[in-house]
Amino acid sequence: MSCKDTILSTSEGIITEPRNVRPGPIAGPDAQPSSGENSNLYLGNPSNAQSSVVFNTNYLIDLKYYTISYNANRGTPNWVSWYLDRNSMATNVSRQDNFAGYSGLPANWYTVLTTSYTNSGFDRGHNCPSADRLSSIAANSSVFLMVNMIPQAPRNNQGVWNNFENYLRTRVNQGNEIYIIMGSYGRGGTGTNGGALTIDQGRVTVPSNVYKIAVILPVGANDLLRIENGQAEIIAIDTPNLNTVEANWQDYRVTIRELESKTGYNFLSTLSSGAQNRLKNVLSNAA
C-alpha cells in the first residue's frame with residue numbers, strides 16, 4: 001500500500017482514502033511558458049536534473065509555476081527555479097495555506113507531508129514563496145506542495161529570507177523582471193528545539209545552508225542578450241540555517257562562483273562562457 005493512503009475500517013470492510021496529498025497544478029494562462037524567454041529554466045538546469053526515476057537524487061519536476069530538482073534521499077528540493085514579474089505576483093487571490101504532499105512522485109518514493117514537520121522546531125520553508133505566486137488559486141496552491149519546502153530555522157525563514165523576498169518584489173514593482181534560483185545544501189541546522197540533522201524520523205534532511213541567486217533586469221525583451229551585454233544585476237546570498245542569523249540579507253552576499261564550489265552546480269549555463277566568467281564573479285553591492 002502506498003504511503004499516500006490511510007486505512008479506514010467501515011461496515012463494508014477495509015478501504016483506503018487519500019491522505020493530504022494532491023497532484024501538481026493544471027497550468028493556467030498565468031503560468032510561465034514551458035521554454036524560452038520568461039520560462040522557469042531560461043538560464044539553465046544547474047544540476048542537469050532529469051525526469052527519470054533513476055535520478056532519485058536529482059529528479060526534475062515541472063510544476064508549471066516553478067521547476068524543481070528534487071532529492072528523494074533528502075526529502076527536499078536541491079534547487080527551485082522560477083521567473084518573477086508583476087503578472088506572476090499580482091495579488092488576485094489570498095494566500096491559500098493549503099500545505100499538502102505531492103502525489104506525482106514515483107510510487108515507491110516517500111511522500112513528505114505537512115505533518116512531517118510537526119513539532120520539529122523548523123518552519124516549512126518555501127523555496128518559491130507564496131507572495132511570488134498570487135496570480136491565481138492554482139499558482140498559489142502550487143507553492144504549498146511539500147516538494148517546495150525545506151526544514152528552515154524560524155528566524156532564518158521569517159527574518160533574513162522574508163526580508164530578501166520582499167526586497168526582490170520591491171525591485172519588480174520598480175519596473176524589473178527577475179530570474180530566481182533558490183536552493184539548499186549541507187546537513188544540519190538549528191531550530192527552536194536545538195540542532196538537528198534530520199526530521200520526520202530521518203526521512204527529511206535539515207540543510208546547513210540556504211542560498212538564492214537573483215538575475216534582475218528592467219522589463220523588456222531579448223533577455224539573454226541583455227544579460228550578456230551587462231544590463232542585468234546579479235545578487236547571490238548564502239545563509240546558515242541557524243536560529244541565530246541576523247535579519248540583514250546584505251550580510252550574506254556571495255558570488256555565484258562561491259555557490260558553485262559549495263554545491264557542484266553550474267548556474268547560468270545558457271549564457272556564453274565569457275558572460276558566465278564575468279557574472280559569476282560579481283559580488284553585489286545592493287543595499
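Trainee: Leaving aside residues up to four places away in sequence, which residues does Asp123 touch?
Mentor: Keep in mind that this is a predicted model. Not counting residues up to four places away in sequence, Asp123 touches Tyr117, Ile150, Pro151, Gln152, Pro154, Asn157 and Gln158. Asp123 itself sits in strand S8, residues 123-126.

Trainee: What should I look for with a charged residue like Asp123?
Mentor: The general idea is that side chains of opposite charge can pair when their charged atoms come close. Asp123 is buried yet has no salt bridge. Its nearest side chain of opposite charge, Arg124, is 7.4 Å away.

Trainee: How many salt bridges does the structure hold, then?
Mentor: There are nine salt bridges. One of them joins Asp132 and Arg169, with the closest N and O atoms 2.7 Å apart. This pair links distant parts of the chain, 37 residues apart: Asp132 is in the loop between S8 and helix H1 (137-142), while Arg169 is in helix H2 (residues 154-173).

Trainee: Why do Asp132 and Arg169 count as buried?
Mentor: Buried means under 20% relative accessible area. Asp132 counts as buried because its relative accessibility is 2%, and Arg169 is buried because its relative accessible area is 11%.

Trainee: Which salt bridge can I set against that one, with Asp97 as a partner?
Mentor: Asp97 forms a salt bridge with Arg95, and their closest N and O atoms are 2.8 Å apart. Asp97 is partly exposed, with a relative accessible area of 44%, and Arg95 also counts as partly exposed, at 44% relative accessibility.

Trainee: What does the side chain of Glu177 meet in a salt bridge?
Mentor: Glu177 meets Arg226, at 2.9 Å from N to O. Here too the pair links distant parts of the chain: Arg226 is in helix H3 and Glu177 in strand S10, 49 residues apart. Arg226 counts as buried at 10% relative accessibility, and Glu177 is buried with a relative accessible area of 2%. Salt bridges that share partners join Glu177, Asp223 and Arg226 into one network.

Trainee: Which strands pair with S10?
Mentor: Strand S6 (residues 76-84) pairs with S10 in the antiparallel sense over six bridges. Strand S15 (residues 209-218) also pairs with S10 in the antiparallel sense, over 10 bridges. Gly183 is a handy reference point: Gly183 is the bridge partner of Trp79 and stands opposite Tyr211 in S15. Another S10 residue, Met182, is the bridge partner of Val80.

Trainee: What else pairs with S6?
Mentor: Strand S5 (residues 67-71) pairs with S6 in the antiparallel sense over five bridges, and Tyr70 stands opposite Pro77. The hairpin of S5 and S6 has four residues between the strands, and there Gly75 takes a positive phi near 70 degrees.

Methods:
Residues are numbered from 1 along each chain as its sequence is written. This is a predicted model: local features need pLDDT of at least 70, side-chain atom pairs count only at pLDDT 80 or more; totals for chains, interfaces and linings use all residues. Side-chain values use heavy atoms; hydrogens and water are left out. Helices (H or I, at least four residues) and strands (E, at least two) are DSSP runs, numbered from the N terminus. Buried means under 20% relative accessible area, exposed over 50%, partly exposed in between (1.4 Å probe, protein chains only). Lys and Arg count as positive and Asp and Glu as negative; His and the chain ends are not counted. A salt bridge is a side-chain nitrogen of Lys or Arg within 4 Å of a carboxyl oxygen of Asp or Glu. Contact means heavy atoms within 4.5 Å. Two strands pair if DSSP finds at least two bridges between them.
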